[in-house]
Amino acid sequence: MSDALVQARGLRKSFGAVEAVRGIDVDVAPGEVFGFLGPNGAGKSSTMRMIACVSPRSAGTLSVLGMDPGVDGPRIRARIGVVPQLDNLDAELSVRENLEIYGRYFGLPRRHVKEKAAELLEFAQLTERAGDTVEELSGGMKRRLTIARSLVNDPELLLLDEPTTGLDPQARHLLWDRLYRLKREGVTQIVTTHYMDEAEQLCDRLVVMDGGVIAAEGSPAELIGRYSTREVLELRFDPEHRPTAEALERHAERVEELPDRFLLYTVDGERTHGDVVGAGFVPLSSLVRRSSLEDVFLRLTGRTLVD
Amino acid sequence: MSAPAAPALWRLLPAGSYAGRARMMMVRSATASRRTWLAFVSGFFEPLFYLLAMGTGLGSLVGDLPGPDGQPISYAAFIAPGLLAASAMNGAVFDSTYNVFFKLHYARLYDSMLATPLGPVDVALGEIGWALLRGGLYATAFLSVMAGFGLIESPWALLALPAALLVAFAFAAIGMAATSFMRSWQDFDLVTLAVLPMFLFSTTFYPLSVYPRWLQIVVECLPLYHAVELMRGLTTGVVGAGLLGHLAYFVVMVVVGVVIAARRLDRLLLR
Ligand SMILES: Nc1ncnc2c1ncn2[C@@H]1O[C@H](COP(=O)(O)OP(=O)(O)O)[C@@H](O)[C@H]1O
Ligand SMILES: [Mg+2]
């Protein structure tokens, strides 16, 4: 594991009495897309800021690109790209200038930065908007510009904190497509998200994070295989005739009760549906689907990811 | 700052917080100011309007006043160096307080910079440097106007330009240090409360001798007083060892301001 781009052992972060990160172990290998999946307040951003060398760790060890962020912060930052949770584009500059000036902060020569900016504008599909100010851009465009900006120094490691939160589905898919491309080019990525579909789409490997600790680690398929069944039967009942979870339990491996529905974990959803109906229960609606990371999270923490 | 002072100052700054690229922040400010050139240009007219209104208007009633060496000089020649000093202060304070506070807490501009190799010291020096550059341009323009009106009595006046830069540097450094402690826009009333009386009472518009002794002592402690006396000495050509005392006052302000500003920015930004 000595070739890990990021390695954390017992990493902690406290803000006064608040313990945001409570001792996590992480290894990110070169070339992979690594995810932190967890709800709001899980400690994802705090972890990302420590990796980005803009937040001193409270305890534990951390190495990024083989260096210690506490000692070599500027040298590490020169080789990584950061997409923060909240866009912090420079509102006083145009779209193109945002890229060019940012490149200058890395000490890159003016000529190089000019060419790079043109290339990144193309990558982010913002060439037509190059002269606009940042305020004129839509949310999705701003996000794309922030990602483009993070690439200006050709980073070896890209940190993306909730890259698509708040974007409409179309904008999300466009962004995911750009991130795939970067992966193909060999850029190692660390992504945080509270969307299970995003984690499944993007991540080779991920950790499920909750309350500042890591609850599980693996590839999306591994995690689903380990913590969930192949299929899930979702049942909704008329509140008058809603059965108890215990009554349903004999028909499935596991039952989760949510405010508006039951989730029955089972190998074969159709068969379980037949069993439930055969036992005299009459659901208002039913749905059989494959297990997702959402189910893994529910299993691990007893809570849903996005509420 | 002399060469031996630099390493000592260096140790007072947080480690790893300086990439030696403060200049890039100034490139950024210059690029941004192309879009806000009106605000940029207006900074030049304020002292000019004061000079015209007070110097010619009030000046015709007041007549001559005693200069630094007791020789009478015209009222306009008396207040012009005062206005030069005050505009160096005002520009630097505005840039380093309101503008910095906005970028720090609202635009999150510095957060984005710290994701690059830039550190808090680059940010502090870059912002102060820009305030200086701007102050330097205004001072040059104002000195030319003074020359045009015949208000410059000595070639020593050429040194008023670097002196104005030092004064601006000192106010920008202190302003930035103060801003790092501010929690809301309300706190900026304190800035007005400090700057406005200083502008009015620091011998900008009339000599120290009009005050009772206790008030003279208070005024003699104010930084703008030292700036005004420094400028007036240079533009009227009354140059003595006393000017070095004024200079020392600002060197101390610079060092204290930069060290506090850099340390506080480090705490605020690298949480
Ligand atoms: N600068 C800060 N000061 C105090 N508390 C903070 C700060 N940043 C984060 N926290 C707290 O740390 C916890 C984890 O936050 P965060 O890392 O932002 O989680 P996430 O990104 O997973 O939503 C939260 O309880 C949050 O309130
Ligand atoms: Mg977050």
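Let's start with R96(A), which sits in helix α3 of chain A, residues 95–105. Helices here are DSSP runs of H or I with at least four residues, strands are runs of E with at least two, and both are numbered from the N terminus. R96(A) counts as partly exposed because its relative accessibility is 34%. On that scale, buried means under 20% relative accessible area, exposed means over 50%, and partly exposed lies in between, with a 1.4 Å probe and protein chains only.

Before I go on, a word on the model: it is predicted, so local features need pLDDT of at least 70 and side-chain atom pairs count only at pLDDT 80 or more, while totals for chains, interfaces and linings use all residues. Residues are numbered from 1 along each chain as its sequence is written, chains are lettered from A and ligands numbered from 1 in the order in which they are written, and side-chain values use heavy atoms, leaving out hydrogens and water.

Back to R96(A). Together with R110(A), K114(A), R23(B) and R34(B), R96(A) forms a positive surface patch. Patches take residues with over 30% relative accessible area and no salt bridge, joining like charges within 9 Å and nonpolar side chains (Val, Leu, Ile, Met, Phe, Trp, Tyr) within 5 Å. Lys and Arg count as positive, Asp and Glu as negative, and His and the chain ends are not counted; each charge is placed at NZ of Lys, CZ of Arg, CG of Asp or CD of Glu.

There is a nonpolar surface patch too, made of W37(B), L38(B), V41(B), F45(B), F49(B), L52(B) and F149(B), with about 710 Å² of accessible area together. Those areas come from the Shrake-Rupley method with a 1.4 Å probe, and for residues only the protein chains shown count as cover. V41(B) belongs to helix α3 of chain B, residues 37–62, and is partly exposed at 35% relative accessibility.

Now, a helix inside chain A. In α5(A), 10 of the 12 residues are buried, so the helix is largely enclosed by the rest of the structure. Among the buried ones are R143(A), R144(A) and R149(A). Helix α5 covers residues 139–150 and should span 16 Å, and its end C-alpha atoms are 17 Å apart, which agrees. The expected span is 1.5 Å times one less than the number of residues.

On to salt bridges: how many does the structure hold over all chains? The total is 34. We call it a salt bridge when a side-chain nitrogen of Lys or Arg is within 4 Å of a carboxyl oxygen of Asp or Glu.

Take helix α8 of chain A, residues 220–227, where P220(A) is found. P220(A) is buried, at 11% relative accessibility. In this helix R226(A) and E222(A) are four residues apart, about one helical turn, and their side chains meet in a salt bridge at 3.9 Å, N to O. R226(A) is partly exposed at 44%, and so is E222(A) at 46%.

R289(A) and E234(A) also meet in a salt bridge, at 2.7 Å, N to O. R289(A) is partly exposed at 21%, whereas E234(A) is buried at 10%. Both belong to a salt-bridge network that includes R236(A), D260(A), R261(A) and D295(A).
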